[in-house]
Number of protein chains: 2
Amino acid sequence: MPKENQKAVERIEYELTTLIRRAVYLDISDKKIGHLERAVYLLLRHLDEFGPSRLKELAETFNLDISTLSRQASAIEAKGYILRFSDPTDGRVSLFKLTELGREKLITDKKMRIERYHTMLEDWSYEEKKVFGELLVRMNEALID
Amino acid sequence: MPKENQKAVERIEYELTTLIRRAVYLDISDKKIGHLERAVYLLLRHLDEFGPSRLKELAETFNLDISTLSRQASAIEAKGYILRFSDPTDGRVSLFKLTELGREKLITDKKMRIERYHTMLEDWSYEEKKVFGELLVRMNEALID
DNA sequence: TTATATGTTTGTATTATACAAGTATATGAC
DNA sequence: GTCATATACTTGTATAATACAAACATATAA
């Protein structure tokens, strides 16, 4: 059924475009989840998941210019969420790692975000949530290129 | 199984955050889909779907300030994609509608976007695409608040 | 008919971003 | 070993999207 397949893809295109708009807004608005801005949350999450990272790595992860990450990291460092230290094997490299405060902030924020998703999805069955999560993983793989 | 349910929600939170970052990047990068910027695409799509609209309506739809929409609409009007006309029942109101050029651009762009999704999802079964689309619809409903 | 409300535009400030130039360190050729 | 080049990062500058506030035009209601 190529026609139904076409419809399904069209719906995904439509709904994903809508979802991105709404989700980005939600992150910016008063109703935003937690205390951390999205960029900060993602950076802390990356450090938590992958350990100490250099600017170049972060820039590539987020598809942003190194100069942008340089400023972001400095701002987050100034807040005390991350710590800068020199790579002992290469004096040019600044590595960043989470501070205890940063880790606490990340955990708190993650909890709040997950709590919000619990509420939003409270009338979904476990099976539906499971399948949606799995399909999102595949969608993310597809988006890498 | 509350524990598995928890894991499923955590995964959704994680993957959606990732998806938004990747998708927003894809819209900005060289690899961006089609010719229209996301804001323009969404505005044209709204006019196509809901017919002539006033600024206030567009601003609410996109959760943006009216002044922002005022400038966006002027820019899109200058490109010839939309047309401004006065509401005959209320002289304060500017209504906007698609021009023929605007509709053509929208159709072309939508085709390209859908084509890209076809490619990205080519190894998904029809059933998977169908379910994903349905769950996205529900996710979007959940996001409205 | 005048005060107030509504819809839009315009002025201004802020923020996130990219690109380019500059600085510090490392590496490799000789 | 020294110098040219490469790499990692920072800083200067420009741009674009945005919000907020003030201004302006039109409508509504007392």
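Visitor: Which residues come nearest to DNA strand D?
Guide: This is a predicted model. There are 22 residues around DNA strand D. The nearest come from chains A and B: Ser70(A), Arg71(A), Arg84(A), Gln72(B) and Gly91(B).

Visitor: What share of the atoms of DNA strand D within 4 Å of the protein belongs to sugar and phosphate?
Guide: Take the atoms of DNA strand D that come within 4 Å of the protein. Sugar and phosphate account for 66%.

Visitor: Which residue places a backbone N or O atom 2.6 Å from a phosphate oxygen of DNA strand D?
Guide: Arg54(A) uses a polar side-chain atom, 3.0 Å from a phosphate oxygen. Arg92(B) also uses a polar side-chain atom, 3.5 Å from a sugar or linking oxygen. The backbone contact at 2.6 Å comes from Gly91(B).

Visitor: Which elements of chain B give two or more residues to the surface near DNA strand D?
Guide: Chain A gives helix H3 (55–62), helix H4 (66–78) and strand S3 (90–98). From chain B come helix H4 (66–78) and strand S3 (90–98).

Visitor: How many charged residues does the surface near DNA strand D have?
Guide: Sort that surface by class. Four residues are nonpolar and eight are polar. The charged residues number ten.

Visitor: Is His46(B) buried or exposed?
Guide: His46(B) sits in helix H2 (residues 38–50) of chain B. Leaving out residues up to four places away in sequence, His46(B) touches Gly51(B), Ser53(B), Glu57(B), Leu58(B), Thr61(B) and Phe62(B). Buried means under 20% relative accessible area. His46(B) has 6%, so His46(B) is buried.

How values were computed
Residues numbered from 1 in each chain as written. Chains lettered and ligands numbered in written order. Predicted model: local features only at pLDDT ≥ 70, side-chain atom pairs only at ≥ 80, totals over all residues. Heavy atoms only, no water. Near = heavy atom within 4 Å. Polar contact = N/O pair within 3.5 Å; in protein donor to acceptor, adjacent residues only side chain to side chain. Helix = DSSP H or I, 4+ residues; strand = E, 2+ residues; numbered from the N terminus. Nonpolar A, V, L, I, M, F, W, Y, C, P; charged D, E, K, R; others polar. Buried < 20%, exposed > 50% of the residue type's maximum accessible area, 1.4 Å probe, protein only. Contact = heavy atoms within 4.5 Å.
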